[in-house]
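Look at the model below and follow the chain with the text beside you.

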Amino acid sequence: MGYILTKEAFDRALKTLAQERLIYAPVLKVGEGRFTDTDVVRYDYVTELSQIELSKKSDYAFKEILTPLSETLFFFTENEVKTADRDQREVIVFMKSCDMHAVRRLDQIYLNNGIEQDPFYKEIRDRVKYVLIGCQKSGADCFCVDMGTNKTTDGYLFSVDVIGDEIYCDVKCEECAKIFADCGGKEEAVEPKYVTENATHVTIPEQIPNSIYKNPVWDEYSSRCIGCGRCNFVCPTCTCYTMQDVYYTENGKVGERRRVGASCMVDGYTNVAGGGQYRKTKGERMRFKVLHKIFDFRKRFGYDMCVGCGRCDMVCPEYISFSACINKVNKAVEEVQNGSN
Ligand code: SF4
Ligand code: SF4
């Protein structure tokens with residue numbers, strides 16, 4: 001089932017959906033980028049099409065909605081604990097195909113990684129629905145085709161592709177189909193656009209020999225990487241967090257507990273009691289991050305964690321390329337397997 005709408009008709013449909021729901025989408029924030037006079041694309045509330053940035057990739061991922069960087073989980077007093085109130089409305093998030101695949105990775109970690117599900121994640125996850133933004137042009141850093149995340153065929157309410165002055169929507173939800181029809185949409189079969197070619201390519205090694213852990217391939221990152229953690233914070237599949245208790249009283253018995261995003265690249269991440277630290281050098285941290293994304297996660301769950309969105313390349317202040325690193329690791333693995341290292 002599909003619909004073709006004018007921009008005005010699509011806005012009417014969006015307004016109808018927004019009456020009882022929170023709608024988030026990538027928004028171009030002019031002048032709010034990292035450097036003077038630069039822009040940034042971040043997730044924000046939207047109510048009409050003109051607010052949505054459909055062509056550029058968001059600099060920060062949708063995960064700000066599912067797993068905010070800092071989130072109060074509950075408040076405590078000396079005698080009781082109260083879970084933080086949350087807006088109970090349904091949430092709709094616009095995202096591209098690679099990010100739809102990233103949701104599966106978040107679900108894997110928070111909901112299907114052991115006996116217990118994360119109740120705070122589940123509570124919001126159960127209220128979130130998705131709109132697929134069709135991808136008509138690959139970003140320079142994207143390698144979604146090699147990661148198999150360039151196409152999504154289900155899991156969304158409807159898709160959006162702007163072609164000329166019209167909006168093409170593949171609609172999977174009956175309520176949305178009715179809204180589109182009521183707003184003047186023309187019924188016609190629609191297939192969401194997706195890219196079939198990226199400029200960036202990666203070759204993922206199938207196996208990682210143990211000797212790769214001590215391979216010199218990691219050494220350059222000890223000098224280049226500054227351990228800022230930006231690559232983790234923009235990554236749609238990074239899920240690490242830490243806990244912070246904020247006390248309102250001096251006796252430490254009244255306050256709130258927050259879940260705060262953490263990064264395996266920053267100092268202190270592997271600190272343990274007694275002053276130990278497992279991964280002291282940036283090269284060791286890079287090894288941990290990269291192998292988790294392209295090998296260790298797959299070993300446990302059967303598919304790679306990285307979705308090839310390229311955001312970590314876009315944000316790194318040291319111009320460290322994740323895709324280039326994958327290819328260097330693959331070359332090092334081949335050399336080990338051929339006996340030349
Ligand atoms: S590791 Fe980089 S390319 Fe892979 S999903 Fe994370 S941000 Fe995207
Ligand atoms: S963004 Fe770049 S410099 Fe910062 S921790 Fe990641 S790889 Fe290192």
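In this predicted model, helix α11 is followed by Gly339, a residue with a positive phi near 80 degrees. The helix itself covers residues 322-337, 16 residues in total. From its first C-alpha to its last it reaches 22 Å, close to the 22 Å expected at 1.5 Å a residue.

Which residues of α11 are buried? They are Phe322, Ser323, Cys325, Ile326, Val329, Asn330, Ala332, Val333 and Val336. An α-helix has 3.6 residues a turn, so residues three or four places apart point the same way. The cover over the buried residues of α11 includes the helices α7 (219-224), α9 (282-301) and α10 (311-315).

Helix α10 contains Asp313. Asp313 counts as buried because its relative accessibility is 12%, and the cut-off for buried is under 20%. Apart from neighbours within four places in sequence, Asp313 is in contact with Asp141, Ile320, Ser321, Phe322 and Ser323. Phe322 and Ser323 are also among the buried residues of α11. Gln117 is 196 residues from Asp313 in sequence, and their C-alpha atoms are 32 Å apart in space.

Next come the ligands. Ligand 1 is surrounded by residues that include Phe322, Phe143, Lys293 and the cysteines Cys235, Cys306, Cys309 and Cys312. The shell around ligand 1 divides into eight nonpolar residues, two polar and one charged. Around ligand 2 are, among others, Cys225, Cys228, Cys231 and Cys316, together with Met265, Pro317 and Ile320. How does the shell around ligand 2 divide into nonpolar, polar and charged residues? Eight are nonpolar, two polar and two charged.

The contact takes 26 residues from domain 1 and 26 residues from domain 2.

A last stop is Asp170, in strand β9 (residues 166-170). Is Asp170 buried or exposed? Asp170 counts as buried, because its relative accessibility is 8%. Its side chain is joined to that of Tyr156 by a polar contact of 2.6 Å. Not counting residues up to four places away in sequence, Asp170 touches Tyr156, Leu157, Phe158 and Ser159, as well as Met1, Gly2, Val190 and Pro192.

Notes
Residues are numbered from 1 along each chain as its sequence is written. Chains are lettered from A and ligands numbered from 1 in the order in which they are written. This is a predicted model: local features need pLDDT of at least 70, side-chain atom pairs count only at pLDDT 80 or more; totals for chains, interfaces and linings use all residues. Side-chain values use heavy atoms; hydrogens and water are left out. A residue is near a molecule or strand if one of its heavy atoms lies within 4 Å of it. Ala, Val, Leu, Ile, Met, Phe, Trp, Tyr, Cys and Pro count as nonpolar, Asp, Glu, Lys and Arg as charged, and the others, Gly among them, as polar. Helices (H or I, at least four residues) and strands (E, at least two) are DSSP runs, numbered from the N terminus. Buried means under 20% relative accessible area, exposed over 50%, partly exposed in between (1.4 Å probe, protein chains only). A polar contact is a pair of N or O atoms within 3.5 Å; within protein, one must be able to donate a hydrogen and the other to accept it, and residues adjacent in sequence count only if both atoms are side-chain atoms. Contact means heavy atoms within 4.5 Å. The expected span of a helix is 1.5 Å times one less than its number of residues.
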